[in-house]
Amino acid sequence: MNIFTTKQALNQYLEQSRASGKTIGFVPTLGALHQGHLSLIRQAQQNSDEVVCSIFVNPSQFNDPKDLEKYPRTIEADIKLLEGVKCDVLFNPPVSEIYDGNEQWHLNIGELERLLEGKFRPGHYQGVTQVVYKLFNIVKPDVAFFGQKDYQQFLIISKMVESLNMPVKLVMCPIMRETDGLAMSSRNIHLTAEDRQHALILSKTLNWIKNNFDRNSLPQLKTQAEHMINDEPGLELDYFEIADGDTLHQATKDANSIVALVAAKVGKTRLIDNVLLVHGS
Ligand code: AMP
């Protein structure tokens with residue numbers, strides 16, 4: 001695997017790939033890689049000739065400095081995992097390579113970035129669009145791969161790409177789960193054994209909603225889900241919403257796409273998960 005830490009070295013390499021007619025697939029990450037990330041790399045390999053993974057813990061998307069400080073950093077293990085799946089390129093820049101001092105600009109994607117996660121993590125999506133905009137400009141991918149795990153993030157990046165006419169195709173990849181249902185996440189390593197057990201209520205509740213979707217009204221489903229999660233010890237629910245999959249407003253049953261989204265603190269760790277209830281056409 002080719003590892004680059006500077007834009008210039010990455011650029012030089014990718015110029016040659018493009019010149020030889022290769023398409024470039026891109027998987028941006030914060031590192032602490034797990035099978036969810038690797039599933040994105042595999043999907044990228046099936047859809048492009050050269051796959052670039054970036055590992056960059058982007059300071060501007062952390063609204064809580066403590067969260068940034070304790071975000072897991074496991075670069076050596078990450079490199080082994082990427083080599084194991086034959087990823088072509090790793091871009092692992094230092095902060096100074098991406099940001100020129102304290103940059104104050106940001107994009108404004110509109111209300112999507114202020115709902116749900118945006119409400120609980122003010123400024124988070126401005127940091128996300130800022131860094132993804134920069135990374136897209138550096139890598140210039142033909143296709144970029146993101147997880148459904150961060151459903152709202154995918155919608156916001158889609159909106160950015162559409163609004164700015166960025167020449168990149170986006171692909172949303174399914175959520176990879178542990179065998180007991182817990183959505184894989186870099187943050188799971190912070191869960192104690194007890195937290196880990198309590199956390200299962202999130203995927204269990206989403207599953208229950210999926211299985212009971214046809215039998216109940218949306219308000220009934222939401223209330224029941226909130227009860228299920230609130231009854232579990234060791235959890236603090238931030239939100240459970242059944243939302244229109246395009247706007248993230250409260251859904252009606254006739255919506256083209258419907259998604260149930262949840263966020264909760266499990267012990268000291270904040271987790272998110274979701275399930276698609278109606279797939280948009
Ligand atoms: P992160 O490193 O958490 O920013 O994640 C990088 C990419 O991997 C994002 O597009 C995530 O949505 C995706 N991702 C994270 N967890 C999973 C998962 N369990 N299954 C599939 N994709 C995931």
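Predicted model: local features only at pLDDT ≥ 70, side-chain atom pairs only at ≥ 80, totals over all residues.
Thr29 in strand β2 has a bridge partner in β3, namely Ile55. Strand β2 covers residues 24-29 and β3 covers residues 50-55; the two run parallel and are joined by 6 bridges.

Now widen the view to the sheet around them. β2 and β3 belong to an open sheet of 6 strands, with parallel pairing and the order β1-β4-β3-β2-β5-β6. At the edges stand β1 (2-4) and β6 (169-173); each has a single partner strand, so one side of each is left without a neighbour in the sheet. If you look from strand to strand, neighbours are turned against each other by 25 degrees on average, with direction ignored.

Next, let us see what lies against this sheet. Helix α7 lies across β2, β3, β4 (89-91), β5 (143-147) and β6, and runs at about 150 degrees to β2. Helix α8, residues 151-163, also packs on the sheet: α8 touches β5 and β6, and its direction makes about 170 degrees with that of β6.

From here you can move on to the nonpolar residues. The largest nonpolar core has 44 residues, and Phe136, Ile157, Leu170 and Leu248 have the most contacts inside it. Helix α7 (residues 124-139) gives the most to this core, contributing 8 residues.

Leaving aside residues up to four places away in sequence, Leu170 touches Phe136, Ala144, Phe146, Phe154, Ile157, Ser158 and Val161. There is also a second, separate core of 27 residues, which includes Leu191, Ile209, Ile229 and Ile242.

Two of those names lead us onward. Ile229 is one of the residues touched by Ile201, along with Met228, Glu232 and Leu235, again not counting residues up to four places away in sequence. Ile201 itself is found in helix α9, residues 193-212, and counts as buried because its relative accessibility is 11%, where the cut-off is under 20%. Between the C-alpha atoms of Ile201 and Ala32, which are 169 residues apart along the chain, the separation is 24 Å.

Leu191, for its part, is touched by Thr269, whose other contacts beyond four places in sequence are Arg187, His190 and Ala264. Thr269 has its place in strand β9, residues 269-278. Is Thr269 buried or exposed? With a relative accessible area of 4%, Thr269 is buried.

Notes:
Residues numbered from 1 in each chain as written. Heavy atoms only, no water. Helix = DSSP H or I, 4+ residues; strand = E, 2+ residues; numbered from the N terminus. Buried < 20%, exposed > 50% of the residue type's maximum accessible area, 1.4 Å probe, protein only. Contact = heavy atoms within 4.5 Å. Core = buried A, V, L, I, M, F, W, Y, C linked by side-chain atoms within 4.5 Å. Pairing = 2+ DSSP bridges. Axes fitted to C-alpha atoms, helices over the stretch in contact; angles between N-to-C directions.
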